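Hello,

Here is the structure you will be working with. Please open it and keep it beside this email, as the notes below go through it part by part.

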Amino acid sequence: MFHRVQKLAVAAFVAAGAAVSFPAYAGKTLDAIKSRGQVVCGVNTGLAGFSQADSNGKWSGLDVDMCRAIAAAVLSDPEKVKYVPLNAQQRFTALQSGEVDLLSRNTTFTLTRDASLGLHMTVVTYFDGQGFMVPTKSKIKSAKQLKNQTVCVQSGTTTEKNLTDYSKANGLAIKPVVFEKVEAATGAYFAGRCIAYTTDASGLASVRNKEAKNPAEHVILPELISKEPLGPMVRRGDDEWFGIVKWVITGLQEAEEYGVTQGNVDQMASSTDPVIQRMLGTNEDTGKLLGLDKAWLARAIKATGNYGEIFERNVGPKSALGIPRGLNNLWNKGGVVYPMPIR
Ligand SMILES: N[C@@H](CCC(=O)N[C@@H](CS)C(=O)NCC(=O)O)C(=O)O
């Protein structure tokens with residue numbers, strides 16, 4: 001009966017001239033991924049906590065986990081990812097040219113990037129802001145004390161632009177020392193060629209932890225001078241793939257909200273909560289709407305854990321980076337992560 005009503009509603013919608021479309025297939029990117037048996041993911045060349053390869057070439061990090069969750073959802077195997085390390089300059093061309101299926105690489109969403117690169121932002125996976133690191137012995141306590149000082153920065157980033165804006169807005173006449181490669185920028189800072197190094201606060205924590213001879217000799221100043229909402233991007237022109245990336249990430253966040261974890265996802269399949277049933281495909285098949293199967297999200301959660309588990313493991317207070325959840329907590333726990341409903 002209900003089915004009949006739905007059919008009638010669709011018929012009425014079509015008769016009214018509206019376009020009703022259910023994906024007959026899940027888009028050319030997913031087709032290509034299926035036929036090659038791998039998701040090709042553009043990642044950072046090496047940013048501890050977000051994307052780095054160990055000595056065996058095994059990649060890990062928050063950005064890497066997004067690739068793994070998507071591979072689990074679409075190919076039933078989180079290992080079926082080819083990682084393409086990209087520096088700041090290379091990243092957008094690699095996505096535009098089709099070299100990678102998605103770019104999951106500490107990339108800030110901005111109007112210019114959204115409107116001029118032929119790319120789409122998907123979901124924010126990390127709410128960040130730009131900060132400064134200085135040697136502890138410099139005794140600098142605030143970014144406002146950087147007047148006329150040199151600051152090392154990498155080109156091709158929002159960082160470079162924000163630094164100029166911040167300097168202008170505060171009359172600081174900061175002297176940017178610009179490098180194309182991150183190793184050159186951090187190397188110059190650690191060699192004392194600049195009084196400060198600037199990048200996303202998460203990047204500062206990562207660089208200090210991994211590259212400083214003694215992390216205690218460097219302090220991260222309290223000011224954040226920008227908003228840096230970071231997340232994966234996809235090419236325009238394939239709405240189905242855009243939808244898959246968007247909903248896998250949203251699903252990981254929704255899983256945290258509803259207490260579905262890597263450890264309990266199998267038992268949760270017998271939950272009586274309709275929201276959890278929907279997420280795990282035991283009552284409704286949401287996967288069908290995305291061109292996937294009904295266990296798409298259950299597999300993603302099993303592969304990486306929910307968003308909170310991903311955060312804790314890679315960058316959270318108990319990890320080497322030791323970053324508090326802050327803005328990246330769920331909306332009902334004091335943060336701004338507000339997953340769209342899986343419904
Ligand atoms: N979120 C900023 C900055 C991203 C960025 O590329 N940061 C640098 C400094 S931490 C980086 O990751 N460099 C690594 C590389 O280029 O290989 C953006 O999207 O422009």
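Serine 76 lies in the loop that links helix H3 (62-75) to strand E4 (81-86). Helices (H or I, at least four residues) and strands (E, at least two) are DSSP runs, numbered from the N terminus. Before going further: this is a predicted model, in which local features need pLDDT of at least 70 and side-chain atom pairs count only at pLDDT 80 or more, while totals for chains, interfaces and linings use all residues. Residues are numbered from 1 along each chain as its sequence is written, and side-chain values use heavy atoms, with hydrogens and water left out.

Serine 76 is not a glycine, yet its phi is positive, at about 60°. Most residues other than glycine have a negative phi. With a relative accessible area of 49%, serine 76 is partly exposed. Here buried means under 20% relative accessible area, exposed means over 50%, and partly exposed is in between (1.4 Å probe, protein chains only). Alanine 173, in the loop between H6 and strand E10 (175-179), also has a positive phi, near 45°. Its relative accessible area is 44%, so alanine 173 is partly exposed.

Next, the strands. Strand E8 (residues 130-135) is largely enclosed by the rest of the structure, because 6 of its 6 residues are buried.

E8 has two pairings to look at, where two strands pair if DSSP finds at least two bridges between them. E8 and E11 run antiparallel and are joined by 4 bridges; glycine 131 has threonine 199 of E11 as its bridge partner. E8 also pairs with strand E12 (residues 218-220) in the antiparallel sense, over 3 bridges. In that pairing, methionine 133 is opposite isoleucine 220.

Strand E1 (residues 39-44) is mostly covered too, with 6 of its 6 residues buried. E1 runs parallel to E4, and 6 bridges join them. E1 also pairs with E5 in the parallel sense, over 2 bridges.

Now the ligand. How many residues surround it? There are 20, and the closest are Asn44, Thr45, Thr108, Gln154 and Asp200. The shell divides into 4 nonpolar, 11 polar and 5 charged residues. For this count Ala, Val, Leu, Ile, Met, Phe, Trp, Tyr, Cys and Pro are nonpolar, Asp, Glu, Lys and Arg are charged, and the others, Gly among them, are polar.

Helix H6 (158-169), strand E11 (196-200) and strand E13 (228-230) each supply at least two residues of the shell. E11 gives the most, with 3 residues. Domain 1 (28-127 + 230-333) and domain 2 (130-226) each contribute at least three residues to the shell; the domain bounds come from an automatic or database domain assignment.

Threonine 108 has a polar side-chain atom 2.7 Å from a nitrogen atom of the ligand. In arginine 91, an N or O atom of the side chain is 2.9 Å from an oxygen atom of the ligand. For arginine 113, a polar side-chain atom lies 2.8 Å from an oxygen atom of the ligand. The ligand has 500 Å² of accessible area on its own, and the protein covers 98% of it. Accessible areas come from the Shrake-Rupley method with a 1.4 Å probe; for residues, only the protein chains shown count as cover.

Arginine 91 also has a partner within the protein: its side chain and that of threonine 107 are joined by a polar contact of 3.0 Å. A polar contact is a pair of N or O atoms within 3.5 Å; within protein, one must be able to donate a hydrogen and the other to accept it, and residues adjacent in sequence count only if both atoms are side-chain atoms. Threonine 107 sits in the loop between strand E5 (102-103) and helix H5 (111-116), and is buried at 0% relative accessible area.

Last, alanine 26 is in the loop between helix H1 (2-15) and helix H2 (28-36). Alanine 26 and leucine 290 are 264 residues apart in sequence, but 6.7 Å apart in space, C-alpha to C-alpha.

Regards

Note on methods. Near = heavy atom within 4 Å.
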